[in-house]
Amino acid sequence: MALKRFATEFGMGVDLRGQDYTKAAIRAVKDALYRNSLTVAHALDKDPSEMVVKCVIGIAKPDLVDTAEVAKVFPYGDITVTAEIGGLDQGKPNTGGVTTMAVAAVQVWLDI
């Protein structure tokens, strides 16, 4: 058997004021997940827990993302979350604050 990719979904998440990179990443993953209902595992007589989920977070400061916390968002599967440079930090000239934006790419694989 070999791993085959069955789905790829993308999401965006924002932390408007706190510059919390993990919060923005979690919101990006939820955005990706909440637009899907994967039935492929059941269609192939697999349990959803057999899904291999690979998630990449694009964010301005990847070292500030708690990937273990992001992984808790997924309901099942063998989860791998990584963070790399991407996303956007947008300064607020009037307040000096920063809005943090993250993007997530979530891929679902099954061993068939």
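## Elements and fold

Helices are DSSP runs of H or I with at least four residues, and strands are DSSP runs of E with at least two; both are numbered from the N terminus. This structure is a predicted model. Its protein chain has three helices and five strands. Starting at the N terminus, the order is β-α-α-β-α-β-β-β.

Along the principal axes, the C-alpha atoms of the protein chain fill a box of roughly 55 × 25 × 20 Å. The protein chain has 112 residues, and 34% of them are buried. Take the contacts between residues at least 6 apart in sequence. Of these, 76% join residues at least 24 apart.

Thr-22 is placed in helix α1. Is this residue buried or exposed? Thr-22 counts as buried because its relative accessibility is 14%, and the cut-off for buried is under 20%. Its side chain has a polar atom 3.4 Å from the backbone oxygen of Leu-64. Neighbours within four places in sequence aside, Thr-22 is in contact with Leu-64, Val-65, Asp-66, Glu-69 and Val-70.

Val-70 has its own list of contacts. Again leaving aside neighbours within four places in sequence, the partners of Val-70 are Thr-22, Ala-25, Ile-26, Val-29, Ile-57, Val-65 and Val-81.

## The nonpolar core

Which residues touch the most other members of the largest nonpolar core? They are Val-29, Cys-55, Ile-57, Ile-59, Val-70 and Phe-74, out of 24 residues in that core. Helix α1 gives the most, with seven residues.

Ala-32 is another residue of helix α1. Ala-32 counts as buried because its relative accessible area is 1%, with the limit for buried set at under 20%. Ala-32 and Ala-104 are 72 residues apart in sequence. Their C-alpha atoms are 7.2 Å apart in space.

Which residues does Ala-32 contact, once neighbours within four places in sequence are left aside? The partners are Glu-9, Phe-10, Gly-11 and Val-106. Glu-9 comes back in the next section.

## Charged pairs

Side chains of opposite charge can pair when their charged atoms come close. How many salt bridges does the structure hold? There are four. One of them joins Arg-35 and Glu-9, at 3.3 Å from N to O. This pair links distant parts of the chain, 26 residues apart. Arg-35 is in the loop between α1 (21-33) and α2 (40-43), while Glu-9 is in strand β1 (residues 3-15).

Arg-35 also forms a salt bridge with Asp-31; here the closest N and O atoms are 3.3 Å apart. Asp-31 is partly exposed, at 30% relative accessibility. Lys-46 and Glu-50 form another salt bridge, with the closest N and O atoms 3.8 Å apart. Lys-46 is buried, at 17% relative accessible area, whereas Glu-50 is partly exposed, at 38%. Shared partners join Glu-9, Asp-31 and Arg-35 into one network of salt bridges.

## Rings

How many aromatic pairs does the structure hold? The count is zero. A charged residue does meet a ring, though: Lys-54 lies over the face of Trp-109, 4.5 Å from the ring centre.

## Positive phi angles in loops

Gln-19 is not a glycine, yet its phi is positive, near 50°. Gln-19 sits in the loop between β1 and α1. Its relative accessible area is 31%, so Gln-19 is partly exposed.

Asp-45 is not a glycine either, and it has a positive phi of about 55°. Where does Asp-45 lie? Asp-45 is in the loop between α2 and β2. Asp-45 counts as exposed because its relative accessibility is 73%, and exposed means over 50%.

How values were computed
Residues are numbered from 1 along each chain as its sequence is written. This is a predicted model: local features need pLDDT of at least 70, side-chain atom pairs count only at pLDDT 80 or more; totals for chains, interfaces and linings use all residues. Side-chain values use heavy atoms; hydrogens and water are left out. A salt bridge is a side-chain nitrogen of Lys or Arg within 4 Å of a carboxyl oxygen of Asp or Glu. Buried means under 20% relative accessible area, exposed over 50%, partly exposed in between (1.4 Å probe, protein chains only). Rings of Phe, Tyr and Trp (its six-membered ring) pair if their centres lie within 6.5 Å; planes under 30 degrees apart count as stacked, over 60 as edge-to-face and the rest as tilted. A charge sits over a ring if NZ of Lys or CZ of Arg is within 6 Å of the ring centre and within 35 degrees of the ring normal. A nonpolar core is a set of buried Ala, Val, Leu, Ile, Met, Phe, Trp, Tyr and Cys residues joined through side-chain atoms within 4.5 Å. Contact means heavy atoms within 4.5 Å. A polar contact is a pair of N or O atoms within 3.5 Å; within protein, one must be able to donate a hydrogen and the other to accept it, and residues adjacent in sequence count only if both atoms are side-chain atoms.
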